[in-house]
Amino acid sequence: MVSFEESDVKIIMGDFGNHLESQDHRRRKEQGRKSSLDEDDSKRKPKRGIGCLKEIGLGLTGFGVIFTLLGVFLFFERSFVAIGNILLLSGVTLTIGLMSTLQIFMKRQNLKGSASFAVGFVLIMLGWPVLGMIWETCGLFVLFSGFWPTVAVFLRKLPIIGGIFRQSSVSSFFPRNRVKMGKRMPI
């Protein structure tokens with residue numbers, strides 16, 4: 001294994017390396033950013049792609065989906081569906097944050113969906129998983145009703161499935177004034 005230190009690289013690169021480094025320093029200074037010539041970067045923390053809580057949240061969400069599906073496949077086994085719901089809800093909360101989760105569930109236009117989801121959650125905890133899943137599904141449809149036009153635009157642009165969703169019989173399910181092929185929807 002060959003390893004180079006910074007001094008070895010400077011010896012190999014010579015004046016060309018110094019020239020590139022000074023150009024980078026000038027460019028970063030013009031943009032208001034720091035370069036390696038400004039100060040020692042050893043005190044800064046390394047940046048990570050996803051935070052630790054988000055990684056845990058994604059894992060909990062995945063396990064929540066798995067446990068919920070397992071509960072459904074086992075003829076609505078109450079304990080699996082309940083554990084799946086708890087893991088799913090806590091995973092989403094850790095992934096997007098507590099405030100974002102509360103904003104989604106507490107918006108004025110989402111209160112009916114939130115209440116329906118909460119009733120379904122309570123019904124599952126009380127031992128009626130089939131009825132609870134029906135209530136939760138209805139609540140989720142109402143909760144994310146503003147997102148369906150965006151999903152419709154996305155599905156219409158897919159290569160194979162797009163042809164199906166461009167059919168007049170299927171496109172009649174989505175409001176015509178919000179879903180137009182040429183218009184880009186905000187996400």
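**View 1. The lining of the largest pocket: Asn85, Leu88, Leu89, Val92, Ile96, Thr101, Ile104, Phe105, Phe117, Leu140, Leu143 and Phe144.** This is a predicted model, where local features need pLDDT of at least 70, side-chain atom pairs count only at pLDDT 80 or more, and totals for chains, interfaces and linings use all residues. Residues are numbered from 1 along each chain as its sequence is written, and side-chain values use heavy atoms, with hydrogens and water left out. The pocket holds about 260 Å³ of space. A pocket is an open set of points on a 1 Å grid over the protein atoms alone, where a 1.4 Å probe fits, with protein on both sides within 12 Å along at least five of seven lines; lining residues have an atom within 4 Å of a point. Its volume is the space filled by probe spheres set on the points, which are joined across faces, edges and corners. Helices α3, α4 (98-106) and α6 (129-143) each give two or more residues to the lining. The largest share, five residues, comes from α3. Helices are DSSP runs (H or I, at least four residues), numbered from the N terminus. By class, the lining has 10 nonpolar, two polar and no charged residues. Nonpolar means Ala, Val, Leu, Ile, Met, Phe, Trp, Tyr, Cys and Pro; charged means Asp, Glu, Lys and Arg; the others, Gly among them, are polar.

**View 2. Helix α3 (residues 78-96) against helix α5 (residues 111-126).** The two pack at about 140°, with axes 9 Å apart. Therefore α3 is oblique to α5. Axes are lines fitted to C-alpha atoms, for helices over the stretch in contact, and angles run from 0 to 180 degrees between N-to-C directions. Under 35 degrees is roughly parallel, over 145 roughly antiparallel, 65 to 115 roughly perpendicular, and the rest oblique. From α3, Arg78, Val81, Ala82, Asn85, Ile86 and Leu89 make the contact; from α5, Phe117, Phe121, Ile124 and Met125. Contact means heavy atoms within 4.5 Å. The classes are eight nonpolar, one polar and one charged.

**View 3. Helix α2 (residues 52-73) beside α3.** Their axes lie 7 Å apart, at an angle of about 155°. So α2 is roughly antiparallel to α3. The contact of α2 with α3 has 16 nonpolar, 10 polar and one charged residues.

**View 4. The pairing of α5 and α6.** These axes come within 7 Å and cross at roughly 165°. So α5 runs roughly antiparallel to α6. Contact residues of α5 include Lys112, Gly113, Phe117 and Phe121. Those of α6 include Pro129, Trp135, Glu136 and Leu140. By class, the contact has 13 nonpolar, six polar and two charged residues.
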